[in-house]
Amino acid sequence: AGAGPVPEFERIAERAGVAARVRFLGRRDDVLPLLGAADVFVHPTAHDACSLATIEAMATATPVITTRRNGAADGMTDGCEGFVLKEPDAAALATALLALRDPVRRAAMGAAARLLAERHDFVRSVDRLCALHDELAGG
């Protein structure tokens, strides 16, 4: 799910022989049920200042595979809430996906992801920013 050239992705899946097992949904406004149904959230980005989708996935207790180039990974510990790849890399991504085939490991990482998301929710973040502002302003 997400914006992108869906027909091109479908052609790639067809050539790879996986078209019957893959669905490209395009841009969606109803992401929460999709995240709830996912086993893993994969976002192997080359650059994303702070992916809201990554944080939303963690909030639904979904383990994440992303890269250090995703600002949302700054609070993650590789191997705890999911996997944080050094950069987009197909072999490293495949290794991480294979590691998450274990349902017990997936559940543990999903629970850790949820805890991380809860520690960084919007209200707490705003409260911390306001407190920092007050401290820096001398009051």
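Colleague: Where in the chain is Ala1 found?
Modeller: This is a predicted model. In it, Ala1 touches Leu25, Gly26, Arg28 and Leu34, leaving aside residues up to four places away in sequence. By secondary structure, Ala1 belongs to the segment before H1.

Colleague: Is Ala1 buried or exposed?
Modeller: The cut-off for exposed is over 50% relative accessible area. Ala1 has 72% relative accessibility, so Ala1 counts as exposed.

Colleague: How far apart in space are Ala1 and Ala113, C-alpha to C-alpha?
Modeller: Ala113 belongs to the largest nonpolar core. In sequence, 112 residues separate Ala1 and Ala113. In space, the C-alpha to C-alpha distance between them is 20 Å.

Colleague: Which residues lie closest to the centre of the largest pocket?
Modeller: The largest pocket holds about 1,100 Å³ of space. Its lining counts 30 residues. Those closest to its centre are Ala1, Gly2, Arg23, Phe24 and Val42.

Colleague: Which elements each supply at least two residues of the lining of the largest pocket, and how many of the lining residues are charged?
Modeller: The elements are helix H1 (6–16), helix H2 (31–37), strand S1 (41–43) and helix H3 (52–59). By class, the lining has 21 nonpolar and four polar residues. The charged residues number five.

Colleague: How many nonpolar residues are in the lining of the second largest pocket?
Modeller: Three of the lining residues are polar and one is charged. The nonpolar residues number six.

Colleague: Which element gives the most to the largest nonpolar core?
Modeller: That core has eleven residues: Leu35, Phe41, Ala57, Met58, Val64, Ala73, Met76, Val84, Ala113, Leu116 and Ala117. With three residues, the element that gives the most is H5.

Colleague: How many residues does the second, separate core have?
Modeller: Ile65, Phe83, Ala96 and Met109 are among its members. The core's residues number seven.

Colleague: Is Thr67 buried or exposed?
Modeller: Thr67 sits in strand S2 (residues 64–67). The cut-off for buried is under 20% relative accessible area. Thr67 has 0% relative accessibility, so Thr67 counts as buried.

Colleague: Which residue's backbone oxygen does the side chain of Thr67 reach?
Modeller: Beyond four places in sequence, Thr67 touches His43, Pro44, Thr45, Ala73, Val84, Leu85, Glu87 and Pro88. Of these, Ala73 also touches Thr66, Arg68 and Val84. The side chain of Thr67 reaches a backbone oxygen at 2.7 Å, and that oxygen belongs to Thr45.

Colleague: What share of the chain's contacts with a separation of 6 or more is between residues 24 or more positions apart?
Modeller: The chain has six helices and three strands. From the N terminus they run α-α-β-α-β-β-α-α-α. Residues 24 or more positions apart account for a share of 38%.

Colleague: What percentage of the residues in the chain is buried?
Modeller: The C-alpha trace spans about 65 × 30 × 30 Å along its principal axes. The chain has 139 residues, and the buried percentage is 26%.

Terms used. Residues numbered from 1 in each chain as written. Predicted model: local features only at pLDDT ≥ 70, side-chain atom pairs only at ≥ 80, totals over all residues. Heavy atoms only, no water. 1 Å grid on protein atoms, 1.4 Å probe; cavity = no way out; pocket = protein on both sides within 12 Å on 5 of 7 lines; lining within 4 Å. Points joined across faces, edges and corners; volume = space filled by probe spheres on them. Helix = DSSP H or I, 4+ residues; strand = E, 2+ residues; numbered from the N terminus. Nonpolar A, V, L, I, M, F, W, Y, C, P; charged D, E, K, R; others polar. Buried < 20%, exposed > 50% of the residue type's maximum accessible area, 1.4 Å probe, protein only. Polar contact = N/O pair within 3.5 Å; in protein donor to acceptor, adjacent residues only side chain to side chain. Contact = heavy atoms within 4.5 Å. Core = buried A, V, L, I, M, F, W, Y, C linked by side-chain atoms within 4.5 Å.
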